[in-house]
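This report goes through the structure shown below, from its charged pairs to its sheets and the helices packed on them.

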Amino acid sequence: MRLIIISGRSGSGKSTALHVLEDVGFTCIDNLPATLLPTLVERITPYDEKHYAVSIDARNSEADIELLPNLMQMPAIAALDHQVIFLDADDEILLQRFSETRRRHPLSDKETDLQSAIAKEKELLKPIIDVANITIDTTDMGFHDLRDLVKHHMLAIDNPGTSILFQSFGFKYGVPRDADLVFDVRCLPNPHWKTKLRSLTGNDKPVIKFLEKEQEVTDMYNDISGFLERWLPCYEANNRSYMTIAIGCTGGQHRSVYLCNKLADYFGQSLTDVQCRHRELRL
C-alpha cells in the first residue's frame with residue numbers, strides 16, 4: 001500500500017500526474033483539504049492492497065497548507081510508504097499555459113491579476129515545498145514527457161531500487177532542469193561535420209558506425225559507465241527513488257543520443273527500471 005501526495009502550482013501538470021496514477025490503479029482524490037488527510041489515513045490499514053494519491057494545493061486554505069508539515073509527522077502517516085511530489089514551472093510558462101487554456105487561476109480575483117496570482121501561489125505553497133521528497137520542473141516538458149516521467153520514475157511499485165532515466169539533450173537548448181547528473185560530451189568527434197551524417201541521429205546505423213570507430217567515444221563511454229557503476233549504489237543507499245542522468249552534446253542529435261542508448265542498454269541488463277529519452281528528438 002502506498003500514498004502519494006501531489007502538489008504544485010496551478011498549470012504545472014498536477015492533473016496530468018494524478019490521471020497517470022489513476023490509470024495505473026491508484027485511488028485518486030483531487031483537492032483534498034489537508035486537515036482531512038489524517039481521516040483518510042485512518043481508513044487505510046497497513047493491509048490495504050490499494051494505492052492512494054491525493055492532490056493538495058492552493059485550493060486549500062492557507063491555514064490548512066501551513067499544517068501539512070506537522071500532519072506528515074503524525075505516526076500513522078509517517079509509518080506509511082508515502083511521498084510528497086511537488087510540480088512547478090517558470091512563471092512565464094505558467095502564464096502562457098493559463099493564457100492558452102483561458103482557465104481562471106484559483107488565487108486570481110478582482111484585486112489580483114494572473115501574474116500576481118502565480119507569484120503569490122509559490123509563497124503560499126512553501127510549507128509543501130519544504131516537505132516534498134521530489135520536485136519536478138515541467139517548464140520544458142510536454143504532456144507526454146510528463147506522463148512518461150510519472151509512469152516510469154515515480155511509481156516503480158513492483159520494482160525495488162532506484163529508477164534511472166538516461167536523457168540526451170543539446171546544450172544550445174539548455175541543460176535539463178531535472179537532471180541529477182550531467183555529462184558533457186561536446187569534446188567528442190562530431191558526426192554533424194560529415195555531410196552524409198548531418199541529417200541523421202544517434203539512432204541511425206551510419207552514425208553509430210562512425211562513433212564506434214572513434215577511440216575517444218569508447219573512452220568516454222567507459223568513463224561514464226564506470227563512474228555510474230561505482231556511485232549508483234551509493235545514491236540508491238541514500239533512498240533515491242529515481243535519478244535523471246543527462247548526456248549533452250551541442251545539438252542533442254548525434255553523440256548524446258548514441259551514448260544514452262548505449263548506457264541504457266548496458267544498465268538495463270542489471271537494473272529493473274531503466275528508461276531512455278531523447279529530448280531534442282522528442283522520442
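## An aspartate in strand 4

D88 is buried, with 9% of relative accessible area. The model is a predicted one. D88 makes a salt bridge with K122, and the closest N and O atoms of the two are 3.5 Å apart. K122, at a relative accessible area of 40%, is partly exposed.

The pair is also part of a wider arrangement. Salt bridges with shared partners join R9, D88, D91 and K122 into one network. The count for the model comes to 11 salt bridges.

## Two aspartates and R177

Which residue meets the side chain of D137 in a salt bridge? The partner is R177, at 3.9 Å from N to O. D137 lies in strand 5 (residues 134-137), while R177 sits in the loop between strand 6 (163-170) and strand 7 (181-184), so the contact ties together parts that are 40 residues apart in sequence. D137 is partly exposed, with a relative accessible area of 22%. R177 also counts as partly exposed, at 43%.

R177 forms a salt bridge with D140 too, here at 3.5 Å from N to O. This pair links distant parts of the chain, 37 residues apart: D140 is in the loop between strand 5 and helix 8 (143-153), and R177 is in the loop between strand 6 and strand 7. D140 is partly exposed, its relative accessible area being 35%.

T138 is located in the loop between strand 5 and helix 8. Is T138 buried or exposed? With a relative accessible area of 2%, T138 is buried, because the limit for a buried residue is under 20%.

Apart from neighbours within four places in sequence, T138 is in contact with S12, L87, D88, A89, R97 and L146. One of these contacts, D88, is the aspartate that forms the salt bridge with K122.

Five strands form an open sheet in the order 2-3-1-4-5, and their pairing is parallel. The edges are taken by strand 2 (27-29) and strand 5, each with a single partner strand, so one side of each has no neighbour in the sheet. On average, and ignoring direction, neighbouring strands here are turned by 20° against each other. Strand 1 (residues 2-8) and strand 4 run parallel and are joined by six bridges. Opposite S7 stands F86 in strand 4.

Helix 1 lies across strand 1, strand 2, strand 3 (51-55) and strand 4, and runs at about 160° to strand 1. Which residues of helix 1 (residues 14-23) are buried? They are K14, T16, A17, L18, V20 and L21. Just after helix 1 comes G25, which has a positive phi of about 110°.

Four bridges pair strand 7 with strand 8 (residues 242-249) in the parallel sense. F183 has I247, in strand 8, as its bridge partner.

Terms used
Residues numbered from 1 in each chain as written. Predicted model: local features only at pLDDT ≥ 70, side-chain atom pairs only at ≥ 80, totals over all residues. Heavy atoms only, no water. Salt bridge = Lys/Arg side-chain N within 4 Å of Asp/Glu carboxyl O. Buried < 20%, exposed > 50% of the residue type's maximum accessible area, 1.4 Å probe, protein only. Helix = DSSP H or I, 4+ residues; strand = E, 2+ residues; numbered from the N terminus. Pairing = 2+ DSSP bridges. Contact = heavy atoms within 4.5 Å. Axes fitted to C-alpha atoms, helices over the stretch in contact; angles between N-to-C directions.
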